Amino acid sequence: QIDLDSGDIVGFEMLARWVSPIRGLISPESFISAAEASGQIGELSLSVIRKALIEARNWDPRLTLSVNISPVQLSDTWLSQKIVKLMVETNFPANRLEIEITEGAIFDNLSMAQSNIASLKNQGIAVALDDFGTGYSSLTHLSTLSVDRIKIDRSFIARLWPDDPS
């Protein structure tokens, strides 16, 4: 993640990848959906987040780490407590962590999403709305959430300027 004004690197986003010894690189779309369907997404995600927190805790303290949360996880009433537990176990400061959630996950169960977002933010963790523009969000919905950042999906921007070569 880069600050557009200064050009400085300000953070990194954790992205899970699976390299199978038999099948090679397996896309997240394949294994994430399988983990969600099997009920293992919470355990898998927390394991990957733990590894990322351990790796990032000794970085420059100005750098943040962003991690994605599955829509299935957002319906877990204990989500924020599980994340805080990981931060305590790994000695990772809350002000350097950002949790990214997709707009579809929020609006599947708005009240649970609002509760989890508030709980995360109360712990000092930033929350970003990821892939905005791919689902059903409206400004009315956004006004009910307390997110720190909105990441607008590239496909949404491309529709605004269809002749732009970038």
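The side chains of Asp60 and Arg62 meet in a salt bridge, with N and O 2.5 Å apart. A salt bridge here is a side-chain nitrogen of Lys or Arg within 4 Å of a carboxyl oxygen of Asp or Glu. Asp60 is partly exposed at 30% relative accessible area, while Arg62 is exposed at 67%. Those words have set limits: buried means under 20% relative accessible area, exposed means over 50%, and partly exposed is in between (1.4 Å probe, protein chains only).

Before going on, a word about the model. It is a predicted one, where local features need pLDDT of at least 70 and side-chain atom pairs count only at pLDDT 80 or more, while totals for chains, interfaces and linings use all residues. Residues are numbered from 1 along each chain as its sequence is written, and side-chain values use heavy atoms, with hydrogens and water left out.

**The chain as a whole**

The chain has 8 helices and 7 strands. Helices (H or I, at least four residues) and strands (E, at least two) are DSSP runs, numbered from the N terminus. Of the 166 residues in the chain, 34% are buried. Now for contacts, which means heavy atoms within 4.5 Å. Among the contacts in the chain with a separation of 6 or more, 68% are between residues 24 or more positions apart.

How many salt bridges does a search of the whole structure find? The search turns up 4 of them. Side chains of opposite charge can pair when their charged atoms come close.

| Pair | N to O distance |
|---|---|
| Asp60 and Arg62 | 2.5 Å |
| Arg50 and Glu89 | 2.5 Å |
| Lys85 and Glu89 | 3.3 Å |

Take the salt bridge between Arg50 and Glu89. This pair links distant parts of the chain: Arg50 belongs to helix α2 (residues 41-56) and Glu89 to helix α4 (residues 79-90), 39 residues apart. Both ends are partly exposed, Arg50 with a relative accessible area of 33% and Glu89 with 40%.

Glu89 also forms a salt bridge with Lys85. These two both lie in helix α4, 4 residues apart, which is about one turn of the helix. Lys85 counts as exposed, at 52% relative accessibility. Through shared partners, salt bridges join Arg50, Lys85 and Glu89 into one network.

**Where α2 meets α4**

Two packed helices are described by the angle between their axes and the distance between the axes. For α2 and α4, the axes come within 10 Å and cross at roughly 35°. Axes are lines fitted to C-alpha atoms, for helices over the stretch in contact, with angles running from 0 to 180 degrees between N-to-C directions. As for handedness, α2 passes α4 in a right-handed crossing. A crossing is right-handed if the near helix is turned clockwise from the far one by less than a right angle, and left-handed if anticlockwise.

Which residues of α2 meet α4? On the α2 side they are Leu46, Ile49, Arg50, Leu53 and Ile54, and they meet Lys82, Leu86, Met87, Glu89 and Thr90 in α4. The residues of this contact divide into 6 nonpolar, 1 polar and 3 charged. In that count, Ala, Val, Leu, Ile, Met, Phe, Trp, Tyr, Cys and Pro are nonpolar, Asp, Glu, Lys and Arg are charged, and the others, Gly among them, are polar.

Leu86 lies in helix α4. Is Leu86 buried or exposed? Leu86 is buried, with a relative accessible area of 4%. Leaving out residues up to four places away in sequence, Leu86 touches Leu46, Ile49, Arg50 and Leu53. The C-alpha atoms of Leu86 and Ser47 are separated by 9.3 Å, and the two residues are 39 apart along the chain.

**A few other spots**

Asn116 is found in helix α6 (residues 110-122). At 2% relative accessibility, Asn116 is buried. Not counting residues up to four places away in sequence, Asn116 touches Leu74, Asp76, Thr77, Leu79 and Ser80.

Over in the strands, Ser20 sits in β2 (residues 18-20). Ser20 is buried, at 10% relative accessible area.

Strand β5 (residues 97-102) holds Thr102, which is partly exposed at 22% relative accessible area.
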